[in-house]
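Here are my notes for you to read alongside the coordinates. Have a look at the structure, then go through the points in order.

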Amino acid sequence: MRAQLTSLLLISTLLGCSAQSQEPTPKLQHARLTEPQSELIAKGIARLMHSKPIAVADDAFINSSILVTDSMNVLDAQGNPIMGKQLAMPERFELLIKNKMCFVRHLDSKATEPLPLVKCKPIN
């Protein structure tokens with residue numbers, strides 16, 4: 001009886017392992033937009049950077065998965081740009097996709113924000 005139970009457990013374990021999907025877990029892939037969606041991209045970047053929405057060109061992420069923007073201006077207590085030399089580097093973002101969900105990632109910090117309403121496709 002004990003041998004039969006052990007055999008049954010062994011067979012069920014082997015069947016369970018072979019029943020698992022042979023496809024690897026999807027990873028984030030570089031993507032491009034399927035149509036201009038600059039307003040949604042601007043809002044996603046604002047959430048990601050904890051800032052106000054920035055101006056994004058209509059062709060952002062259409063031809064490339066990378067977007068380079070001017071550095072975020074430093075503001076004083078009244079919200080005015082601080083005059084003087086700005087030493088900050090431009091901000092760089094990439095558009096990614098996983099399981100039909102689009103994401104924007106800040107290249108320097110690797111912080112990533114989902115873009116649930118954005119339509120994009122993987123770059124082949």
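1. First, a term: a disulfide here is a pair of cysteine sulfur atoms within 2.5 Å. With that cut-off, a search of the whole structure turns up one disulfide. Cys102 and Cys120 are the two partners, with an S to S distance of 2.0 Å. Cys102 sits in strand S4 and Cys120 in strand S6 (residues 120–122), so to speak distant parts of the chain, 18 residues apart.

2. Some housekeeping before going on. This is a predicted model, where local features need pLDDT of at least 70 and side-chain atom pairs count only at pLDDT 80 or more, while totals for chains, interfaces and linings use all residues. Residues are numbered from 1 along each chain as its sequence is written, and side-chain values use heavy atoms, with hydrogens and water left out.

3. Which hand does the disulfide have? The torsion about the S-S bond of Cys102 and Cys120 is about -120°, so the disulfide is left-handed. Both Cys102 and Cys120 are buried; buried means under 20% relative accessible area, exposed over 50%, and partly exposed in between (1.4 Å probe, protein chains only).

4. Now the strand to look at, S3 (residues 91–98). Six of its eight residues are buried, so S3 is largely enclosed by the rest of the structure. Strands (E, at least two residues) and helices (H or I, at least four) are DSSP runs, numbered from the N terminus.

5. Who are the neighbours of S3? Two strands count as paired if DSSP finds at least two bridges between them. Strand S1 (residues 29–33) pairs with S3 in the antiparallel sense over two bridges, and His30 stands opposite Leu96 in S3. Strand S2 (residues 66–69) also runs antiparallel to S3, joined by four bridges; there, Val68 has Arg92 as its bridge partner.

6. Strand S4 (residues 101–106) is antiparallel to S3 as well, over six bridges, and Lys98 is bridged to Met101. S3 and S4 make a hairpin with two residues between them, and Asn99 in the turn has a positive phi of about 50°.

7. Last, have a look at Leu40 in helix H2 (residues 38–49). Leu40 has 29% relative accessibility, so it counts as partly exposed. Not counting residues up to four places away in sequence, Leu40 touches Leu115, Leu117 and Val118, where contact means heavy atoms within 4.5 Å. The C-alpha atoms of Leu40 and Val56 are 9.5 Å apart, with 16 residues of separation along the chain.
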